Amino acid sequence: MKPKKSYPKEVYLNGSWLKPEKAQVSVFDRGFMLGDGIYEVSPFYKGKAFKLKEHLQRLQYCLDEISLDFDAFSLEEVIYEAIERAKLSTEDCAVYMQVTRGVAPRTHYYPEDARPTVLLYVFPVILEGFEKKTWDVMATEDKRWHRCDIKSTALLANVMANEEAVAAGFAENLLVRKGYFTEGSHSSLFFVKYGVVHTHPEGPQILSGITRAEVIKICSDLGIKVREKAVHIDELVEVEEIFVTGTTTQIIPVTSITHKNKKVYSASKDSITKKLQQFFIERTRS
Ligand code: PDD
């Protein structure tokens, strides 16, 4: 069964705090009409920020890449106010932020005088207990665009991929481009092969995950070798462990991969994933 999600009690929209049913956006908002917007999701552990600067930097990078003139760091104050207002200052929660290009008559080019539409809200999230989970996943072709480094609100290809997985009873869909794994529909992807951690290099084919960067840092601190190199689907026979990472996912081991209705991978080990989970908990909770 698909998990049910509820709305937050309040959202921040263009400078006002509103009940969701009162928060309205024009039908000519370019986010609604064209998916012309950027989003970000940033975690708070018992109300304490984790890598907020990095999340805001990524938001700024994405806004700059699409020439959307907005200062991502101006949201910092709003974020803390949102957490206070939602009474989540001592809880695990995450902040959703979205900036669209705003309202203008529909054009394929950027309008000159649109004002960005800014939406922000905080929601409770379960960040504990991920170390007890495992995921059986599927793999399909990566049908996304060629700028996956831009965290665009236009997520239809990700949504279609995730829906296909969830409808078939899988936890996630791992995406494959020209035979090489890129990432999950909403997670970064790691492989352990002969004791070396592999992950797709940064660039236009993946989102530069903030959790991904922290995992790479933990590996380096622990002396675990990392190769930022894509893994081909034919290499799965040599892979011992696979795990996915993300702000709400944290670090979850992949126990099996099904591709074209055939099981193409079963995990044989979990020791490196377990070690990384343990250190990740220390870093996020200390
Ligand atoms: N998704 N890759 C994709 C395609 C993602 O959508 C995400 C996160 C990640 C992990 O990135 P990070 O570690 O910075 O969260 C990788 C967010 C959480 C979402 O869409 O809700």
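Predicted model: local features only at pLDDT ≥ 70, side-chain atom pairs only at ≥ 80, totals over all residues.
Local features need pLDDT of at least 70 and side-chain atom pairs count only at pLDDT 80 or more, while totals for chains, interfaces and linings use all residues. Numbering runs from 1 along each chain as its sequence is written, and side-chain values use heavy atoms, with hydrogens and water left out.

The ligand has a shell of 19 residues (a residue is in if one of its heavy atoms lies within 4 Å), and Y39, E183, I210, T211 and T247 are the closest. Sorted by class, that makes four nonpolar, 11 polar and four charged residues (Ala, Val, Leu, Ile, Met, Phe, Trp, Tyr, Cys and Pro are nonpolar, Asp, Glu, Lys and Arg charged, the others, Gly among them, polar). Domain 1 (11-124) and domain 2 (130-285) each put in at least three residues, with bounds taken from an automatic or database domain assignment.

A side-chain N or O atom of R58 is 2.8 Å from a ligand oxygen, and I210 brings a backbone N or O atom to 2.8 Å from an oxygen of the ligand. The protein covers 89% of the 470 Å² of accessible area that the ligand has on its own (Shrake-Rupley, 1.4 Å probe).

Over to T258: its relative accessibility is 15%, so T258 counts as buried (under 20%, 1.4 Å probe, protein chains only). Beyond neighbours within four places in sequence, T258 is in contact with V137, M138, A139, F170 and K263 (heavy atoms within 4.5 Å).

Notes
Polar contact = N/O pair within 3.5 Å; in protein donor to acceptor, adjacent residues only side chain to side chain. Buried < 20%, exposed > 50% of the residue type's maximum accessible area, 1.4 Å probe, protein only.
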